[in-house]
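Colleague: I've got some questions about charged side chains and who pairs with whom. Can you walk me through them?

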Amino acid sequence: SPTGSPSQSLIPTSSPSSSPTKYPASVFLRRDAVDIIAASGVVGDNGIISYFDRDDWFTYDNVYFGEAGTVGQIKLRFSKGNWNGAFQVRLGNRDGQIIGLVRTFYTGSWSTYDEAYFNIDETISGYHQVTFRGIESFGVCGLDWWELAPPADPAAYTLYERKDAFGVLGSKGVTVTSTVVRYFDRNDFVLYDNIWFGDEGDVPKIRVSCAKGNTGGRIQVRLDGRHGPVLGTFDVYNTGGVGTYAEFDFNLDSMVTVSGLHRLCFVGLDSNSLWNLKWFKLSA
């Protein structure tokens, strides 16, 4: 799998350009992953960037953002054989301004590719060099292509929409049935896609429908992935049995400002048999 130290590194193919000659003035132009001007640590083979690890980086020239507000997301086609690692999207070189944090998720294997959108700063305009820089761990992803995309459309999403627990984007350790998530133990997690937070301050709580036949253990709510920012940590209460469901409201951390479209992850802490989860929804 594409982790660890690569056998070779890509080297600059040209010097950074000061004028927009490499790409036409198209904001949402798809870019092959290997069409770079400089890199360190990664390997480019068969059109794929691989061996992308912590502190590795690669740079693209003359990326056009249009006017401020035109771009709000980045779309990737990638593979990932683990749940670790992320990368920063930076303007300019590896030490430039961070305009996005991409937490790629497990796709099934390093040879299985998926497409997904990730948020980036909506205030960027004009032409820039863009650098992807790995953080946190090894095996960030295998990258096939990427493209800039418009901001998420609020009209396409519903605030406080109830989400069935079985509609997972990914999971580790649990059993996902046609109605619930079961056998949720310490260090297990489930990840959900397309969670709309509205404007900052719209979502102070989360409501869950769950069942539990014992005592002990906690659930942690994280933003965008298994290792994303913690939105809240709460105790899970005995409901009278693993088939007896009850609804609970839990407060989210008011110090973490969240808005717009995100992924949401529930992570098990402390003990085993933490809960059976039927559904959840963000709440006012």
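This is a predicted model: local features need pLDDT of at least 70, side-chain atom pairs count only at pLDDT 80 or more; totals for chains, interfaces and linings use all residues.

Colleague: Is Asp 95 buried, partly exposed or exposed?

Modeller: Asp 95 has a relative accessible area of 52%. The cut-off for exposed is over 50%, so Asp 95 comes out as exposed.

Colleague: Which residues are joined with Asp 95 into one network of salt bridges?

Modeller: Start with Arg 94, which forms a salt bridge with Asp 95, the closest N and O atoms being 3.8 Å apart. Arg 94 itself is partly exposed, at 26%. Salt bridges that share partners then join Asp 95 into one network with Asp 55, Arg 94 and Arg 133.

Colleague: How many residues apart in sequence are the parts that Glu 147 and Arg 30 tie together?

Modeller: Their side chains meet in a salt bridge, 2.9 Å from N to O. Glu 147 lies in strand 11 and Arg 30 in the segment before strand 1, so the parts tied together are 117 residues apart.

Colleague: What is the N to O distance between Arg 218 and Asp 270?

Modeller: Arg 218 sits in strand 18, and Asp 270 in the loop between strand 21 and strand 22. Arg 218 forms a salt bridge with Asp 270, and the closest N and O atoms are apart by 2.6 Å.

Key:
Residues are numbered from 1 along each chain as its sequence is written. Side-chain values use heavy atoms; hydrogens and water are left out. A salt bridge is a side-chain nitrogen of Lys or Arg within 4 Å of a carboxyl oxygen of Asp or Glu. Helices (H or I, at least four residues) and strands (E, at least two) are DSSP runs, numbered from the N terminus. Buried means under 20% relative accessible area, exposed over 50%, partly exposed in between (1.4 Å probe, protein chains only).
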